[in-house]
Structure formats: C-alpha cells, structure tokens
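Trainee: Could you help me learn to read contacts and ring pairs in a protein model? I would like to see the model before we start.

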Amino acid sequence: MLKTVAIVGRPNVGKSALFNRLAGKNISIVHDMAGVTRDRITAQCRKGPAWFEIMDTGGIGANTDDVLTDQVQTEASIALDVADLLLFVVDVVDGVTPIDQTLARELRKTSKPVILVCNKADSPKRKLNAGEFARFGFADMIEVSAAHGKGIDELVATISERLDLKETTETEDAKAGQNVKPLKLAIVGRPNAGKSSLVNAILGQERAIVSPVAGTTRDALDIQARWNNKSYQLIDTAGIRRRANLDTYVEISSVERSIQSIKRADLVLLVVDCADGAKMQDRKIAQIILEERKPCILVMNKWDLFHPDGKQKDRIEHLEEIMRREFFFLHYAPLVAISAKNKDHIGKLFVQIEKVRTGSQNRISTGSLNRLLHTAIENTPGALGRSTHSFKLLYATQVNEAAEFEIPVPHFVLFANRASKLTESYTRYLEKVIREEWPAPGVPFRMSVRGKGPKKER
C-alpha cells in the first residue's frame, strides 16, 4: 500500500493547485472562489524516490453559505484520519488568519508528521512574509509557489524523508504492478441521477458526497475499487447539464471534465433516473458517448421507484421497452436496473461489466469475416443491386487498434469496388450481421469503406 499524504488548510489557500502540481496533471478545479473542492480527491505523486498517494480536501473551518459545508468538513476529517502525513497549506499573501491559528492548534495535537507549506511565495518579498508562520511551531516549514512550481522538489524531498520513502526492490515491483491497469469506469449522467450514490454502493462506504442539491460533485473523482478480486478505477463525474444553464466558470469546468472523463474511460456507465424517465439531456449525454465511440452500459438507477407495485417481470419488460426506444442509437449498450441507494443489483452490474470486457477481447478471423459478409451481401443485396456496376466487396479485415484502452473498439475495414454506392443503412445492416456472429455486448463497431469513390466511415 502506498503512503498517503493529505493536503489540508482553510479555503482558497491553493490546496488544489498544490495537489495538481504534485500529481503532475490538472485534476482538481482551481478557482479563486472559496469552497470549490468538496470531495476527497486522490491521485499518485510519482516524483521522488518512491510513489505516494496525495489527497486533496475541501477547505476546513470556512463559514460559507454552501449548504454542503458540514459534509465537506466531514470528508476533510476522514482525510486527517487516514493520512500518514499532513501538508498544512497557508497563504503568505493573506498572512496568519484566525482559522490558520485554530487549525495549527488542532494539528499540533496529532501524532502524525505535519509539514507547514507556505504557498504563493513566488517573490522575495512574499518569502519574507512566510516568516510570521514560524510562530506555529512546526519543525518543517517550506516555501512554495504551487502555481509556478517553485519549491516543489524540496517539498517532495521532505515528504520522502519524513515517510522514509526509499527506492527499493519492493518499490520497483510496486511500480511494475501499476502497469497492470485497472478497468476505468466513467460514471456519467445528468445531475441527481445517482452517480455518487453508485460509487458509494460499490465501495461500501460514504466516499463521495451525496446530496439532493444539483451540482454537488464538481471534480472528476478517480477512486480505486475492487469487486470480486478485480481492480477498477471509478471516475465519479459532475452531472452534465445543458451549457445554457451553466452560470459560473466552476460549473463549466465541471462539465468539461466530465466529458474528458468519457474520453479517457475504458467503459462508460450512463446512469439514468428511470423513475423520473429519460430526458433530453440523458439523450445528449448518450450522443456524446456514441460520438466518442465508447463502450457503454445503460444503468437504470432508482429501480425501486419504477412502478414499485408491479410484477418484477412486467416492470423490467416495460423499462426495457421504454429505454430501448429512448436510446435506440445506443443499441449495442446492455441495460441493467439497479438501486444505488439500497445497494440492489450492484453485483449484476459488475457481471455485465465483465461480459463487456470479455466479449471485446474476441476477434473474428479475417477468413470468417469475409465469408460472413460475402454471404450477407449475396443473400440480401438490397439497394446495392446485382448489376456489374453495383457495389462489390473485395476484401474485409479487422484492424488492430492501439492498446490504449482495456476494452478495444473493433475497427472493420471494407475494401470495395464502387464504395460510394454503399449506403449508411446498408452499412448498419452489415454491422448487424457481424454482431449476430460476434455479439460483443456494450462495444460500438467502427466501420470504414475504402475503394474507388469517396471514403466512408462511421
């Protein structure tokens, strides 16, 4: 297990900027508005002699108007409990504040090592201001500028020294183990669909803040999880709202990060509030998944509220009928009904996840693919016709895609004579023929046609 370093402090002192700097990438949203970070956000710091885990927290001690303040404070308190070392971040521009003094008293009571990080010390004058924090009495005090990357190497060296992190054979083995990538599951949907509740149900603990307030989750949270001895990386995202309804930079950033999470995921779980019914925004999110050619499972949450008095069989048939009509363009996506709040059918969801993973690994041989398509075209020529001037398939193959994702999307390339005569509808027919032979649930197909005439791809 990696050592854990929690970043704590009052709001708006630069905790998220420091977190991003240590992580080596922009994960937490950074903004001047206080209280942007709400959940515990974790990542790995791969600087120094050995890796360690860093944890960003919401600001402690703020008396803001945010109705989620109590839950944010609870998340920060949990971080204090689980951490092996604490980075107490202060702002040299603002100087010592009453909240800083209160936090310093509390942190001096802990038996865990504390490093006082004087942030925003990006000029000689500001570095002088850091001297007033010496009164807090912490043995380790380091001046940094998270925004400009100054003092970070010294900070990492001090963390490594306090945690006794050394380059060892075990460390190398741990790094090698990191190359075995967990399956990345992006959990997306509109606000209040139950995404964070699903994360908590999978983990068996209140890891993500759950609230009826729309927009509670702001950052995309990467959380490691295990189910049936398999490793997963859950990406809990902010609810994707219509751009016209986004009021602030923070909301816009949250939505953009959710969309980026779809792009980097191996498999997307589209969470829909089936009790409330599929909305236009659900279909727009599904369209993004389709455009990104992402493997997908439709997760029908709040199943316990969907016609609860009806018979189980009738309910599931009714739900399937409705949702297949609403998401007809995601025909390849399996549908799983769950209740995240009651933790019902979470196991069924993971059974389906593994079916998607397993099915995607099977390749159809080139010979079988050509025989299959030639037979299909011969038996059902459709609009292609049978004349000497009609479309003629010369050769078909499945192209090897880059192994960037754990669940590969098959790319079928058709070499043809008079390729321009192949219509979109007939391409969909050929895809259906392939799926009957090679089901690959949850996985979209990429179809390209090359030959005389303009190239086609879908």
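Trainee: Where do Tyr 426 and Tyr 429 lie?

Mentor: Helices here are DSSP runs of H or I with at least four residues, strands are runs of E with at least two, and both are numbered from the N terminus. Tyr 426 and Tyr 429 both belong to helix α13 (residues 424-437), where they are three residues apart, about one turn of the helix. Keep in mind that this is a predicted model, in which local features need pLDDT of at least 70, side-chain atom pairs count only at pLDDT 80 or more, and totals for chains, interfaces and linings use all residues. Residues are numbered from 1 along each chain as its sequence is written, and side-chain values use heavy atoms, leaving out hydrogens and water.

Trainee: Is Tyr 426 buried or exposed, and what about Tyr 429?

Mentor: Buried means under 20% relative accessible area, exposed means over 50%, and partly exposed is in between, using a 1.4 Å probe and protein chains only. Tyr 426 has 7%, so Tyr 426 is buried. Tyr 429 has 24%, so Tyr 429 counts as partly exposed.

Trainee: How many aromatic pairs does the structure hold?

Mentor: Rings of Phe, Tyr and Trp (its six-membered ring) pair if their centres lie within 6.5 Å; planes under 30 degrees apart are stacked, over 60 edge-to-face, and the rest tilted. The structure holds 12 such pairs. In one of them, the ring centres of Phe 88 and Phe 138 are 6.0 Å apart and the planes meet at 75 degrees, so the pair is edge-to-face. Phe 88 is in strand β4 (residues 85-91) and Phe 138 in the loop between α4 (124-129) and β6 (140-143), so the pair ties together parts 50 residues apart in sequence. Phe 88 is buried at 0% relative accessibility, and Phe 138 is buried at 15%. Ring pairs also link Phe 88, Phe 133, Phe 136 and Phe 138 into a cluster.

Trainee: Which ring does the charged end of Arg 315 sit over?

Mentor: A charge sits over a ring if NZ of Lys or CZ of Arg is within 6 Å of the ring centre and within 35 degrees of the ring normal. The charged end of Arg 315 is over the ring of Trp 303, 4.0 Å from its centre. Arg 46 lies over the face of Trp 51, at 4.3 Å from the ring centre.
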